[in-house]
Amino acid sequence: MTGPGVRLWDGLLFFGSSLFERDVTVQQLLENLDDAGVDGCVAAAHKPPTYDLGAANDVVLEVAAVHPDRVIPLARIDPWQRGQAVAEVRRTQTLGARGVLLHPWEECFATSNEVVNAVVETAGQLDLPVVVVGGFPWLSEALQVADLAQRHPDVQFVVTNGAQLNMSGLAGVDVDRALESCPNLAVHGSGLYRQDFLDNAIATIGPERVAFGSSSPYYNLRLEAERMRRTSYPDDAAAMAVCSGNTLRWFGGAVAS
Amino acid sequence: MIIDMHMHVDELPGLGWSMPASRCIETMDEAGISAAVIMTVTDIPEVNPNALELIAGEMTRYPGRLFGFARIHPWYAESIKVLDRAVLEHGFRGLKLHPVSTLAQPSGAESMRLIRRAGELGIPTLFHCGDDPMTTPLAIADAAARCPEAQIILGHMGGYGHTDEAIRVAELHSNIILETSACPYPEKIVEAVARVGAERVIFGSDGPVCSPVLEVEKIRMCGFSAEDEALILGDNAQTLLGLS
């Protein structure tokens, strides 16, 4: 359980027009943060109805420019765009993007596929962390994400959903192995149904590699914030690291300073 | 009165999972839960021939607080006798089937004879209902359609990716009940109540390793009327367990 002084900073939520009818406006984003008692967020574009990720990235960058105290922008990149994807990483970085988002499920690639390499290498050259939407069968299973992280040991990766979307609990075994084998891999607690996974992860890999990230609106921001507040932390420093400190350290930029 | 319809008591050193009954009671007290249904994670007779005695012992240790569901492997010839013994001798209140651990198709002959017997005994069958093969709502709905006189509970109401299907099959089959444990979508629980009625939605936590406090909070943040919330959190369970 967090103490009263621990602030929450959401490590990932999605924003904008959504191909999958999950639209979130700027006003809704800010209201949702306020409603959940969350100070700010790292935001990435939804996959838009136009399929134009570049334009969607621009919208996120513009919102972050208007609300620099509440929104840190990511660039959403489709590795199948090959050279254009690499160019988009560079373009968005010059416009203020603080990291790269890979969504294997919605962009249809396996994180173990070498098509991802050029994008991640570019992110590494620009010192940008890479957020991977994790847990999807065939595409972003824990060991597939670990495979990517091992190919790029100098890049900081953050995998969402606890790297598991499996209510039998069986995927957790692979997640443990993935986290043990990749010191450059951290994990969000979004949607995690087993509270003991979060508690154990903090105890075994350390609070500096676990972070609050809601993946809202796919998950409920209020519930995910409450999940993090009710997690067992060894001390306030660990709670602050998990709930906001790690995210601001990885992506913070102007907000962190 | 809050009744948790889905908790586990078991020890699985191979997976590092420890779920003692004392931990269930501790987390129930934290969450204000009066009573809970407990079941093992392993099946009887394989891989746990002592599962029945384990749960029966904890029911005796915590009378009025813990009620047992028998988790039985359908493939074994003695499975019907095990269910009868659980219910008639030990007072178990339900049957639990988990096709991930048993590989038994929900509508297969082996599962169906257990489900039918449960119906005859007047107890519900709780399925693990998630995203794995043989556990999806459509797979379990096939069993519900073949045995309309038996009550079928969809534990987790479809896991991460099959929630909409769980609600839809509950609309189609009046003997299906949706159970909320671990479902990460409060708005889908709201939708379920709107579409099938609060009388067919029940609270479960999947504790003690999942947080009963958070699971109760999840139901409360749905904003149900006091009457509907009471049905979901406990009144429906009282009826299902024969406590009212």
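## The contact between chains A and B

In this predicted model, the contact takes 27 residues from chain B and 21 residues from chain A, where contact means heavy atoms within 4.5 Å. The two chains bury about 2,100 Å² between them, with 65% of that area on carbon and sulfur atoms; buried area here is the accessible area (1.4 Å probe) that two parts lose on being put together, summed over both. In chain B, the residues that lose the most area to chain A are B:Tyr160, B:Leu214 and B:Met221, which together make up 32% of what that side buries.

Across this interface the rule finds 0 salt bridges, a salt bridge being a side-chain nitrogen of Lys or Arg within 4 Å of a carboxyl oxygen of Asp or Glu. The count of residue pairs in polar contact between chain B and chain A is 6, both residues being at pLDDT 80 or more. A polar contact is a pair of N or O atoms within 3.5 Å; within protein, one must be able to donate a hydrogen and the other to accept it, and residues adjacent in sequence count only if both atoms are side-chain atoms. On the side of chain B that touches chain A, strand E3 (17-19), helix H8 (186-196) and helix H9 (212-220) of chain B each supply at least two residues, and the largest share, 4 residues, comes from H9(B). Helices (H or I, at least four residues) and strands (E, at least two) are DSSP runs, numbered from the N terminus.

## Basis of the model

Residues are numbered from 1 along each chain as its sequence is written, and chains are lettered from A and ligands numbered from 1 in the order in which they are written. Because this is a predicted model, local features need pLDDT of at least 70 and side-chain atom pairs count only at pLDDT 80 or more, while totals for chains, interfaces and linings use all residues; side-chain values use heavy atoms, with hydrogens and water left out.

## Helices H8 and H9 of chain A

In helix H8 (residues 195-204) of chain A, the residues A:Gln195, A:Asp196, A:Phe197, A:Leu198, A:Ala201 and A:Ile202 are buried, which means under 20% relative accessible area, with exposed over 50% and partly exposed in between (1.4 Å probe, protein chains only). What covers these buried residues includes helix H7 (171-181), strand E9 (210-211), H9 and helix H10 (236-251) of chain A, together with H9 of chain B. H8(A) is followed by A:Gly206, whose phi is positive, near 100 degrees.

A:Glu224 is found in helix H9 (residues 221-229) of chain A and is buried, with a relative accessible area of 1%. Its side chain makes a polar contact with the side chain of A:Arg227 (2.9 Å). Leaving aside neighbours within four places in sequence, A:Glu224 is in contact with A:Gly189, A:Ser190, A:Gly191, A:Phe212, A:Ser214 and A:Tyr219.

## Helix H10 of chain B

Helix H10 (residues 226-241) of chain B has 16 residues and reaches 22 Å from its first C-alpha to its last, close to the 22 Å expected at 1.5 Å a residue; the expected span is 1.5 Å times one less than the number of residues. H10(B) bends by about 55 degrees at B:Ile232, the bend being the angle between axes fitted to the seven residues ending there and the seven starting there. The buried residues of H10(B) include B:Glu229, B:Leu231, B:Asn236 and B:Leu241, and just after this helix B:Gly242 takes a positive phi of about 70 degrees.

## Salt bridges

Over all chains, the count comes to 26 salt bridges. In one of them, the side chains of A:Arg76 and A:Glu107 meet at 3.0 Å, N to O; A:Arg76 lies in strand E4 (residues 75-76) and A:Glu107 in helix H4 (residues 104-107) of chain A, so the pair ties together parts that are 31 residues apart in sequence. Both residues are buried.

In chain B, B:Arg61 forms a salt bridge with B:Glu58, the closest N and O atoms being 2.8 Å apart. B:Arg61 is exposed, with a relative accessible area of 55%, whereas B:Glu58 counts as buried at 10%. A network of salt bridges links B:Asp164, B:Glu171, B:Lys188, B:Glu191 and B:Arg195.

## Backbone features in loops

Most residues other than glycine have a negative phi, and most peptide bonds are trans. The peptide bond from B:Ile44 to B:Pro45 is cis, with omega near 5 degrees, and B:Pro45 lies in the loop between strand E4 (35-39) and H2 of chain B. A:Ala163 has a positive phi of about 60 degrees although it is not a glycine, and this residue is buried, with a relative accessible area of 7%.
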